[in-house]
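Here is a friendly briefing to read alongside the chain in your viewer. Keep the model open and follow the topics one by one.

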Amino acid sequence: MEPFNREGGADRARSAGDGSTGRVIVIGPYLRTRRGDGDAQTDSSVRDYEARIEEAAGLAGAIDLMVVDSVIAPISQIRPATYLGKGKVEEINGLVASNQVELVVMDCALSPIQQRNLEKAWSTKVLDRTGLILEIFGRRAKTKEGALQVELAHLNYQRSRLVRSWTHLERQRGGFGFMGGPGETQIEADRRLISERITKLEGELKKVQATRRLHRAGRQRVPYRVVALVGYTNAGKSTLFNRLTRADVQAADMLFATLDPTLRALNLPHGGKAMLSDTVGFISNLPTQLVAAFRATLEEVLEADIILHVRDISHEDAEAQERDVEAVLRQLGIDPDADGGQRIIEVWNKIDRFDPEERDNLRNIAARRPPERPCFLVSAATGEGIDALLAAIEDRLAAKRSTLNLSIDASDGAGISWLHRNAEVLNKELHGERFDMTVRVDETKRDIVMSRFAAVPYEA
């Protein structure tokens, strides 16, 4: 078992917990595999030990827990009863006692039995990765919709944790007759109450989905395309969102700083507009409960015309984070490779953290990518590269629309108003009593414009 002492990892988590309550030890029980040479190593697809434990410590620090130690505990196999082997359980028990720990965070998914047995062995509260992320989401949810989604995920998680570990779960009196029958156990009553609450929450979230569908239908009537931001948590999505839309969404150097979805108008270089959606950040091993609960929110990603995959290119684990984001997208039913990847634009953020030589190297790497899978180097903090990104978004959206020339009587105010509402007016010049206009329209409205205004395809 190896303590994690990487500079900027556990130390940063400790400082983040200054003034907070709750002394915590973070345990990284990472399963190791053996390669052909016999050396015990992690599989190439598994995140680096130190990067994973640093992230887990950051998650704990995100809810103001004071991380007093971070411990990597490689295991050769998962034990059904305690996840860890007996020796490691005893070793960690010594750390818990010597550090007066109030909570142990296990950076893995524990079964209810494993969680209960570890709590008994260490005489302290144990939280697994799923529970920790749920706690963070519970703190971050600000809107009613976000609170509903988090509560639903919490209840689905809690329902699986109702094990017979409390003395109050004896059988209640009840039933028919003078003495009463055996009735239901307290644990059965708890499960029933949770199930009833889950059913109610699912009904409320269906109303949210219905409302979102109405809003989306309204946007479709007006030619606003949707651009969605996705990315690993703390990749800088909200900072980029603010930069692109001049909004004031909370942006902070912390995991899951933004939870509730936000939509703002995005002004494109040549006067067009789109809707930009900021979404919750993804993370490795994102709990399935959260993916299911936040599906209503993430529908904006499903319906988006363009998905901007924002990456913290300065992060040492950037490639692993890219794979994690793509895995969550696939969970949502979005294939990043579909149509040659035309729907996704990669945004390599935080290039301000590199010196000029490193930036040139990144630009060379980006230049060698296939034309259909471009990436754009930006700094959301300084604004570098934003103009090129906006131009690329406009070009990608324009590729899905038709450009038409038309001539309309200047007295046709209703027609001119309709065009401004339903098309992107690229050029408008008055010649005598008629307006010569160049407009860009969605394919669904192309035939309407051509028939009503005798439009013809634009020729450069």
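This is a predicted model: local features need pLDDT of at least 70, side-chain atom pairs count only at pLDDT 80 or more; totals for chains, interfaces and linings use all residues.

Helix 3 passes helix 4 in a right-handed crossing.

**Helix 3 with helix 4**

- The axes of helix 3 (residues 86-98) and helix 4 (residues 112-122) cross at roughly 55° and come within 9 Å.
- On the helix 3 side, Val89, Ile92, Asn93 and Val96 take part, and they meet Leu118, Ala121 and Trp122 of helix 4.
- By residue type, this contact of helix 3 with helix 4 has six nonpolar residues, one polar and no charged.

**Helix 2 with helix 5**

- Helix 2 (residues 49-61) and helix 5 (residues 129-140) have axes that come within 9 Å and cross at roughly 40°. The two helices are therefore oblique to each other.
- The crossing of helix 2 and helix 5 is left-handed. Helix 2 brings Glu55, Ala56, Leu59 and Ala60 to the contact, while helix 5 brings Arg129, Leu132, Ile133 and Ile136.
- The residues in the contact of helix 2 with helix 5 are six nonpolar, no polar and two charged.

**Helix 5 with helix 6**

- How do helix 5 and helix 6 pack, and at what angle? Their axes are 10 Å apart, and the angle is about 155°. That makes helix 5 roughly antiparallel to helix 6, because the angle is over 145 degrees.
- The crossing of helix 5 and helix 6 is left-handed.
- Phenylalanine 137 sits in helix 5 and is buried, with a relative accessible area of 2%.
- Between phenylalanine 137 and valine 150 there are 6.4 Å in space, C-alpha to C-alpha, and the two are 13 residues apart in sequence.

- Helix 6 (residues 144-159) has 16 residues and reaches 22 Å from its first C-alpha to its last, close to the 22 Å expected at 1.5 Å a residue.
- Its buried residues are Glu145, Gly146, Leu148, Gln149, Val150, Leu152, Ala153, Leu155 and Tyr157.
- Helix 13 (residues 386-398) has 13 residues, and from first C-alpha to last it reaches 18 Å, close to the 18 Å expected at 1.5 Å a residue.
- Buried in helix 13 are Ile386, Leu389, Leu390, Ala392, Ile393, Glu394, Arg396 and Leu397.

- Is glutamate 322 buried or exposed? Glutamate 322 belongs to helix 11 (residues 318-331), and its relative accessible area of 17% makes it buried, because the cut-off is under 20%.
- Leaving aside neighbours within four places in sequence, glutamate 322 is in contact with His309, Arg311 and Glu346.
- Arginine 191 lies in helix 7 (residues 186-221) and counts as partly exposed at 35% relative accessibility.
- Arginine 191 is 36 residues from leucine 155 in sequence, and their C-alpha atoms are 9.8 Å apart in space.

**Positive phi in two loops**

- Most residues other than glycine have a negative phi.
- Glutamine 100 is not a glycine, yet it has a positive phi of about 50°. It is found in the loop between helix 3 and strand 6 (103-106) and counts as exposed, at 60% relative accessibility.
- Serine 123 also has a positive phi, near 55°. Serine 123 is found in the loop between helix 4 and strand 7 (125-128), where it is exposed, with a relative accessible area of 68%.

**The chain overall**

- The secondary structure comes to 15 helices and 17 strands.
- How much of the chain counts as buried? The figure is 50% of the 460 residues.
- Taking contacts between residues at least 6 apart in sequence, 69% join residues at least 24 apart.

How values were computed: Residues are numbered from 1 along each chain as its sequence is written. Side-chain values use heavy atoms; hydrogens and water are left out. Helices (H or I, at least four residues) and strands (E, at least two) are DSSP runs, numbered from the N terminus. The expected span of a helix is 1.5 Å times one less than its number of residues. Buried means under 20% relative accessible area, exposed over 50%, partly exposed in between (1.4 Å probe, protein chains only). Axes are lines fitted to C-alpha atoms, for helices over the stretch in contact, and angles run from 0 to 180 degrees between N-to-C directions. A crossing is left-handed if the near helix is turned anticlockwise from the far one by less than a right angle, and right-handed if clockwise. Contact means heavy atoms within 4.5 Å. Ala, Val, Leu, Ile, Met, Phe, Trp, Tyr, Cys and Pro count as nonpolar, Asp, Glu, Lys and Arg as charged, and the others, Gly among them, as polar. Angles under 35 degrees count as roughly parallel, over 145 as roughly antiparallel, 65 to 115 as roughly perpendicular and the rest as oblique.
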